[in-house]
Amino acid sequence: MRRASIPGTRGRVRPVTLLGESVLQTQCAQVTDFGPELARLVEDMFATMYAARGVGLAANQIGEALRVFVYDCPDDEEVRHLGHVVNPRLVAADGVVLRGPEGCLSLPGLEAGTERYDRAVVEGFTADGEPVTVEGTGWFARCLQHECDHLDGGLYVDRLSGRRQRRVLRQWSRRTP
């Protein structure tokens, strides 16, 4: 039996783009080439996510405006979900809306209570071009919705309103030169 390698072990850690960089506000392009460059990008994304101690990472968070994200995230029952999705489409976000703590590698060290559905379904492809459907509940559903937002040019702070949004942005502005 051939063992698969651990995601990211052949990748290189890339700098994470931060709030204010235009690529984070860009609608990412569909992937059309499912070749070795895409496989390398996915490996780099895993390596970067692990180095930053994240549970998910979208391609635009490392400066690539392509519709790809990776994840290694538990659900509320502590079941680990590990994988990636190319050209993801959020086909369902439903159930109960819960406000829970949410952070982002592009705003390191900050978090805010953000409302998300407790169930999400994403359809897309693997880096090999095989169709994939990923369903998540609880914390993992939050992760799937968060990463899909990134690929549409959004951040969790865009979902905040009023005082909560101003507080996070004020904290961010104090941290950046």
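A residue counts as exposed when its relative accessible area is over 50%, as buried when that area is under 20%, and as partly exposed in between. Arg 12, at 51% relative accessibility, therefore counts as exposed. The model described here is predicted. The points below cover its salt bridges, aromatic pairs, pockets and one leucine.

**Salt bridges**

- Side chains of opposite charge can pair when their charged atoms come close.
- There are 13 salt bridges in the structure.
- One of them joins the side chains of Asp 44 and Arg 12, with a distance of 3.9 Å from N to O. Asp 44 belongs to helix α1 and Arg 12 to the segment before α1, so this bridge ties together parts that are 32 residues apart in sequence.
- Asp 44 has a relative accessibility of 4% and so counts as buried, whereas Arg 12 is exposed.
- A salt bridge also forms between Arg 80 and Asp 72, at 2.6 Å from N to O. Here Arg 80 is exposed because its relative accessibility is 56%, while Asp 72, at 13%, is buried.
- Arg 159 and Asp 149 form another salt bridge, in which the closest N and O atoms are 2.6 Å apart. Arg 159 sits in the loop between α2 and α3 (162-175), and Asp 149 sits ten residues away in helix α2.
- Arg 159 is partly exposed, with a relative accessible area of 46%, and Asp 149 is buried at 15% relative accessibility.
- Through shared partners, salt bridges join Glu 102, Arg 116, Arg 142, Asp 149 and Arg 159 into one network.

**Aromatic pairs**

- A pair of aromatic rings is described by the distance of the centres and the angle of the planes.
- The structure has four aromatic pairs.
- In the pair of Phe 34 and Phe 125, the ring centres are 6.2 Å apart and the planes stand at 75 degrees, so the pair is edge-to-face. This pair links distant parts of the chain, since Phe 34 is in the segment before α1 and Phe 125 is in strand β4 (residues 111-125), 91 residues apart.
- Phe 34 is partly exposed at 30% relative accessible area, and Phe 125 is partly exposed at 32%.
- Tyr 71 and Phe 140 make a tilted pair, 5.1 Å centre to centre with 50 degrees between the planes. Tyr 71 lies in strand β2 (residues 68-74) and Phe 140 in helix α2, 69 residues apart.
- Tyr 71 and Phe 140 are both buried.
- Phe 69, Tyr 71 and Phe 140 are linked into a cluster by ring pairs.

**Pockets**

- The largest pocket has a volume of about 340 Å³. Its lining has 13 residues, and those nearest its centre are Arg 10, Val 42, Glu 43, His 84 and Ala 127.
- Helix α1 supplies the largest share of that lining, four residues. By type, the lining of the largest pocket holds six nonpolar, four polar and three charged residues.
- The second largest pocket holds about 280 Å³ of space. It is lined by 17 residues, with Val 55, Gly 103, Cys 104, Trp 139 and His 146 nearest its centre.
- Helix α2 gives the most to the lining of the second largest pocket, with six residues. This lining divides into six nonpolar, six polar and five charged residues.

**Leu 18**

- Leu 18 is in the segment before α1 and is partly exposed, at 29% relative accessibility.
- From C-alpha to C-alpha, Leu 18 and Cys 104 are 9.4 Å apart in space, and they are 86 residues apart in sequence.
- Leaving aside residues up to four places away in sequence, Leu 18 touches Leu 24, Leu 105, Ser 106, Pro 108 and Trp 172.

Notes. Residues are numbered from 1 along each chain as its sequence is written. This is a predicted model: local features need pLDDT of at least 70, side-chain atom pairs count only at pLDDT 80 or more; totals for chains, interfaces and linings use all residues. Side-chain values use heavy atoms; hydrogens and water are left out. On a 1 Å grid over the protein atoms alone, a cavity is a set of points where a 1.4 Å probe fits but cannot get out, and a pocket is an open set with protein on both sides within 12 Å along at least five of seven lines; lining residues have an atom within 4 Å of a point. Grid points are joined across faces, edges and corners, and a volume is the space filled by probe spheres set on the points. Helices (H or I, at least four residues) and strands (E, at least two) are DSSP runs, numbered from the N terminus. Ala, Val, Leu, Ile, Met, Phe, Trp, Tyr, Cys and Pro count as nonpolar, Asp, Glu, Lys and Arg as charged, and the others, Gly among them, as polar. Rings of Phe, Tyr and Trp (its six-membered ring) pair if their centres lie within 6.5 Å; planes under 30 degrees apart count as stacked, over 60 as edge-to-face and the rest as tilted. Buried means under 20% relative accessible area, exposed over 50%, partly exposed in between (1.4 Å probe, protein chains only). Contact means heavy atoms within 4.5 Å. A salt bridge is a side-chain nitrogen of Lys or Arg within 4 Å of a carboxyl oxygen of Asp or Glu.
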